[in-house]
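Please take me through this structure one part at a time. I have not seen it before, and a plain account will do.

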Amino acid sequence: MNLIDQVEQLFIQDKIDIFLGYKALDGHLLPHGFTRDRMEELKALQVSEGRYSLEKIATHLTEKHPDIRIGMIARECNLRTLNLLYTWKQLNPENIETINISCCPSPLKPHSDCSYLEPKQTGAYKKTHGIDFNADPDTFLDDFNNKNRFSRWMYEFNKCIKCYGCRNICPVCFCDECSLEHASLVEPGTLPVDVPIFHLIRATHMAGRCIDCGLCEDACPMDIPLRLLYRQVNAIVSDIFDYRPGNGTDQSPFTIIGEKTVLEPKPMDAQLEGEKEYGL
Amino acid sequence: MDCKFVPAVCSYCGTGCGVLFEVIDGKINATLPMKSHPVNHGKLCIKGWNLHEYINSYMRLKTPLIKEDGRFQKATWDEAIGHAAVKFNQIKDQFGPDAIGVLVSAKITNEENYLAQKFTRAVIGTNNVDHCARL
C-alpha cells in the first residue's frame, strides 16, 4: 500500500484529524497539513528530502487544539523526537499516528528520503582552524590537546550571529522560558554574543534531550558544528546514566523532580523570586 | 482546524531570504527558513526568524493615517494618496521640485525602485533620488 492510500485509510478509519506531510508548491517541497475536508489534496502528498520538523508543528497544533489527533511522515530522527516529546509530556502518544518511511538506501530502494546522505563538506580553512563537521566524537578528544581544542571551538563560537536559529528549529526545545533569553545569562540586544557561555548554556540544556537530528547544524548560518558539541555532551549522559534520548519512552534521568515537571524547574527564576521575597 | 505553510520572502532586508509561514487556523504562528530556497538554503538571521511577531503585533498599522489638528486620524488609501499628492504639488509650486527628495529602499523590488526614480525624475522633476544601499 502506498503512502497516499495509507493516509487515506487513516482518515477513513477516523484515526487522525490532520496529516503532516509534504506537498510541492512552485517547485519547492513544503510541509503541509492535509485534512479530511480537503481530501482531494492528498493526491499531492509526497516525501521530501529536505527535512522540516513535523514534530514541532505537531506540538504547535497541540497547543491550539489539545485533543487533536495528528498523523505524520516519520523517519528515524522524527521517531526519536516523538519519543522524547512523549517522555516530556509535550505530546500524547495516543494522539499521534506515524507512517514510517525509510531514510536509508537499500537494494530495494536506492533513493533515500533524507538530505543527510551526503556528509557535510568541510572547507580547508575550517579544517585547520575550526572543527571538521565530520569529526569523530570518540576520537576528537584524543586527536587534539586541550589548548588546541579550545581555540578551535572558540573559532567556531566567535562566528555566532546570535540568530537563535539553533533553538528555534530544535524540535526538542519547548520550554516556556528559555535560558538563552534570560537577561542575567545572555545580555539582550548586544552583539557579539558572549562566547563560549551562550553555546555552553545551550549545550548543557541539550544533555539528555538532543536526539541528534542535525537540524540545528543545518539551520546555523555560520556553520558551527553544533551536532558534534551536543554529541559530546550526550556521551556523558549516556556514560553516567546509560540513557540515550529518544531511544525509548523511558523517563529521562533529568525528570528527577517528579512526574509533574514539564521541564520547568527554572532555578534561575526560583532565585529571582527569592531575591524579590527577601528584598535583595 | 487548518494548518498550512505559506512561502514568502523576508521583508527585512534586500537579501531576499525564503521564509515559510506556519499558518494555523488562519493566523501566522511561526516563521521557518525555507530549506530549498536558493538564497538562504534553510538558514535565517534573527530578524527573519521573528517575522511573525511583527505581523501579529497590535501596534502594526493597518490603515493609512493622516495628521489633522496634531493627531493621526484613520483614512482610506484614496484619501491618503490624494492628500499626499495635494501637499507635494503645494511644495513643488511654492519651493520648486528640488525641495522634494525621494529615498528608496533595498526592501522593495528592482521594478519598484525603477518606478520610484521615474516618478521622482519625470513626475516631480528633480534628481533628488537616493537609495539606502548607497549609504
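Helix H6 of chain A covers residues 146-157, 12 residues in all, and spans 16 Å from its first C-alpha to its last, close to the 16 Å expected at 1.5 Å a residue. The model is a predicted one, and the values here are computed from it.

Which residues of H6(A) are buried? They are A:Arg152, A:Trp153, A:Glu156 and A:Phe157. Looking down the axis of H6(A), these buried residues fall within an arc of 135 degrees, so they line one face of the helix. The general rule behind such a pattern is that an α-helix has 3.6 residues a turn, so residues three or four places apart point the same way. On the other side of H6(A), the exposed residues are A:Lys147, A:Asn148, A:Phe150 and A:Ser151. What the buried residues pack against is a pair of helices of chain A, H4 (124-129) and H8 (197-206).

The next step is the domains. Chain A is assigned domain 1, residues 3-100, and domain 2, residues 124-266. Taken over C-alpha atoms, the centres of these two domains of chain A are 27 Å apart. Their contact involves 15 residues from domain 1 of chain A and 16 residues from domain 2 of chain A. On the domain 1 side, helix H2 (54-64) and helix H3 (76-87) of chain A each supply at least two residues. H3(A) gives the most to that side, with seven residues. By class, the domain 1 side consists of four nonpolar, six polar and five charged residues.

Strand S4 (residues 65-68) and strand S5 (residues 71-74) of chain B run antiparallel and are joined by four bridges. Within this pairing, B:Leu65 of chain B stands opposite B:Lys74 in S5(B). S4(B) and S5(B) form a hairpin with two residues between them, and in the turn B:Asp69 has a positive phi of about 55 degrees.

Technical notes. Residues are numbered from 1 along each chain as its sequence is written. Chains are lettered from A and ligands numbered from 1 in the order in which they are written. This is a predicted model: local features need pLDDT of at least 70, side-chain atom pairs count only at pLDDT 80 or more; totals for chains, interfaces and linings use all residues. Domain bounds come from an automatic or database domain assignment. Two residues are in contact if their C-beta atoms, placed from the backbone, lie within 7 Å. Ala, Val, Leu, Ile, Met, Phe, Trp, Tyr, Cys and Pro count as nonpolar, Asp, Glu, Lys and Arg as charged, and the others, Gly among them, as polar. Two strands pair if DSSP finds at least two bridges between them. The expected span of a helix is 1.5 Å times one less than its number of residues. A residue is buried if 20 or more other C-beta atoms lie within 10 Å of its own, exposed if 12 or fewer, and partly exposed in between; C-beta atoms are placed from the backbone. The arc is that of the directions from the helix axis to the C-beta atoms.
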